[in-house]
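Reader: Could you take me through this structure slowly, and tell me what stands behind each term that you use?

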Amino acid sequence: MSPLTAEQAATLDSLAVENFRKYLQIPSVHPHVDYEPCVQFLRAQAKGLDLPLKVYTVVEGKPIVVITWSGSEPALPSILLNSHMDVVPVFADKWAHPPFSAHTDAQGNIYARGAQDMKCVGIQYLEAIRRMRLAGAMVRRTVHVAFMPDEEIGGVDGMRQFVHTEDFKGLNVGFALDEGMASPDDAFPVFYGERNIWHLVIHFPGTPGHGSLLLKDTAGEKVALFLNTLFEFRRSQVLKLAGDPTLTLGDVTTVNLTQLKGGVQSNVVPPELVATVDCRLPVTVDDAAFEAQVKKWLQEAGSDIWVEWEQKEPQVTPTKLDASNPYWLAFKRTMDELGLGLRPQVCPGGTDARFLRATGVPALGFSPMAGTEMGLHRDNEHLNRTVFLRGVEIYRALIRSLAEGV
């Protein structure tokens, strides 16, 4: 593989940043995402790389874009480099710069929604491959670069369905990389599993009547009893996390009241109140035992309370980080060779990687953003130019190792 000259490297750096900024300037923002501009942008990228692109449609209006670099031994299981095109909503008045301008300040910080989550990674994959191909690199394993829709709203019309299609099976994926997150220190977080997501919509029926009365068995009393217990448990998890520096957020159970609905007017005791609770269960928690605990809390809060499950994901087996996983060994060996520290942990949120793991595909969540304040989903989300370009080189080494060496 021929090394790049300094002039070539500088030109490629400028191109990489330009492509990153162009991608960020596409407002692929919820709740009503138009993915077509992303698709057209990616078509141009594939053409520039001289690689084929295919668009898969599982749900109309939700395209799945895959750019493929064929390996010399195509029968081998392939490498999937996964990302998503969509981004979360913005509150533009809270931003120092327009959130889809990709404004670059004097320090090289690039401001835009998606700068960290995760348009950076999608472009870093492509720019790493560009450099490899210009240097004459070949890969044994086929490399697929995927751009998914709707990850930010649970991946229901994206990866969740795609993994069960014949099109996905035809990709012959043996290992996948997906998104991670930024870290303010020098260590790079790498996610080997995720907490499973439960969203409970809890209905609290009660005795209705005039607001001036002391009625028995009201919906409000039941809600209060349940929430007191819920928040007592929440406090125990806060203390558990604070008391053990080896733990991360992904190692504890989080419960949060996210919605409370009901009532008709201020002087009427309502016949029902409805509370929505977001629960995230770590891989160490027994799902059945936790569900039984929640049912006990509800029984103690009163009669006739019932649960409508908005989301109830099963526990997914984490990816192994040991000698049984040659992809992990290659990943870690490469990071060690680069002198970069890793912090393996359970992802506190949810990504498309959980759907891949559920089919038996080992997957790691990794975004090369060490020394960076976490800004995903926040106002003024940004990524520094130097950090972005360093990530391109890290992926260049990782792709070579995973696609050639395993």
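Author: A pocket, on a 1 Å grid over the protein atoms alone, is an open set of points where a 1.4 Å probe fits, with protein on both sides within 12 Å along at least five of seven lines, and lining residues have an atom within 4 Å of a point. This is a predicted model, in which local features need pLDDT of at least 70 and side-chain atom pairs count only at pLDDT 80 or more, while totals for chains, interfaces and linings use all residues. Residues are numbered from 1 along each chain as its sequence is written, and side-chain values use heavy atoms, leaving out hydrogens and water.

Reader: What makes a residue part of the lining of the second largest pocket?

Author: An atom within 4 Å of a pocket point is what counts, and 17 residues line this pocket, with Glu313, Pro314, Val316, Arg354 and Phe355 nearest its centre.

Reader: How do you know which element supplies the largest share of that lining?

Author: Helices (H or I, at least four residues) and strands (E, at least two) are DSSP runs numbered from the N terminus, and helix H9 (353-358) gives the largest share, four residues.

Reader: How much space lies in the largest pocket?

Author: About 1,000 Å³ lies there, a volume being the space filled by probe spheres set on grid points joined across faces, edges and corners. Among its 36 lining residues, Arg280, Gly349, Gly350, Leu376 and His377 are the closest to the centre, and strand S15 (342-347) gives the most, with three residues.
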